[in-house]
Amino acid sequence: MAYLQTDVTKVTTRVLQNMKLHGEKIAMLTAYDFSMAQLLERTKIDVVLVGDSAANVMEGYKTTLPITLDEMIVYASSVVRAISRALVVVDMPFGTYQGNSKQALASAIRIMKETGADAVKLEGGEEVLESIQRILSAGIPVMGHLGLTPQSINKFGTYAVRATEEEEANRVMHDAHVLEEAGCFSLVVEKVPASLASRISQDLKIPVIGIGAGSGVDGQVLVLQDMLGITQQFKPRYLRLYGHIGEDISHAIQQYISDVKTMSFPNDKEQY
Ligand code: KIV
């Protein structure tokens with residue numbers, strides 16, 4: 001297939017909109033550090049998300065709640081230093097935008113100023129509308145996030161698939177329209193039935209990017225360490241493994257240990 005947007009030197013929100021219009025799927029992955037982001041930069045990845053999943057992947061927390069704005073800014077600025085083509089979106093962490101739109105704007109401005117990212121993402125629908133509107137009023141592009149919203153884990157009590165009942169499905173659909181009308185440039189829908197995600201994508205003009213939301217959406221996002229097989233013991237049904245890099249790393253480290261112990265490293269050529 002010919003990819004319509006492959007030649008762009010910078011992916012913008014408008015490019016993503018065009019991709020949806022032309023039926024070209026959007027590929028999005030997470031990154032939290034310079035080294036991984038450099039590997040992504042060598043590819044034609046469309047969107048790089050500095051997700052607050054960094055709380056789990058980089059910091060070992062069970063939920064995404066503990067990560068701070070300062071930490072997200074460190075991760076995001078490291079990623080931005082490596083990326084020139086992809087659109088870089090940064091998650092606003094828990095507690096930096098809910099319930100206080102002025103604080104939301106101040107947090108978003110810090111992210112944009114201190115990281116050089118292109119956009120922010122935040123979780124929730126109508127309940128965070130005021131925050132979204134205020135951030136947008138400053139000219140900061142906002143990506144929404146509906147369905148399973150991990151920052152609300154204490155309300156849900158589970159990471160199981162969301163919106164399987166009609167009432168919640170209707171609420172997600174309603175919120176999707178609210179976010180589009182507010183001016184969000186795109187939307188992530190996480191772990192909802194494929195039929196619902198597909199209807200949202202068909203109803204909305206903005207690109208809908210799914211994770212565990214089936215193929216009827218405008219793009220897909222995965223956590224890079226999950227799809228590379230680096231994350232330990234995490235294998236939800238939606239995850240496809242594109243490598244076993246965790247095993248490769250362990251083997252390499254074992255080999256190094258053995259080489260050091262047996263004095264086969266360094267050899268004559270590996271010294272001065
Ligand atoms: O934090 C994150 O990585 C995310 C993706 C899973 C969409 O929000």
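**Stop one: a loop and a cis bond**

Start by selecting Lys191, which sits in the loop linking β6 (186-190) to α9 (194-203); helices (H or I, at least four residues) and strands (E, at least two) are DSSP runs, numbered from the N terminus. Lys191 isn't a glycine, yet its phi is positive, about 50 degrees. Before you click on: this is a predicted model, where local features need pLDDT of at least 70 and side-chain atom pairs count only at pLDDT 80 or more, while totals for chains, interfaces and linings use all residues. Residues are numbered from 1 along each chain as its sequence is written, and side-chain values use heavy atoms, with hydrogens and water left out.

Now jump to Pro266, in the segment after α11 (245-261). The peptide bond between Phe265 and Pro266 is cis, with omega about -5 degrees.

**Stop two: the ligand**

Which residues are around the ligand? Select Thr30, Leu49, Gly51, Asp52, Ser53, Asp91, Lys121, His145, Val188, Ile211, Val221 and Val223 (each has a heavy atom within 4 Å of the ligand). That shell splits into 5 nonpolar, 4 polar and 3 charged residues, with Ala, Val, Leu, Ile, Met, Phe, Trp, Tyr, Cys and Pro counted as nonpolar, Asp, Glu, Lys and Arg as charged, and the others, Gly among them, as polar.

Next, show the polar contacts (N or O pairs within 3.5 Å). Polar side-chain atoms reach ligand oxygen atoms from Ser53 at 2.5 Å, from Lys121 at 2.9 Å and from Asp91 at 3.1 Å. The protein covers 95% of the 260 Å² of accessible area that the ligand has on its own (Shrake-Rupley, 1.4 Å probe).

**Stop three: zoom out**

Colour domain 1 (4-241) and domain 2 (246-272) separately; the bounds come from an automatic or database assignment. Their C-alpha centres are 39 Å apart.

Definitions and conventions
A polar contact is a pair of N or O atoms within 3.5 Å; within protein, one must be able to donate a hydrogen and the other to accept it, and residues adjacent in sequence count only if both atoms are side-chain atoms.
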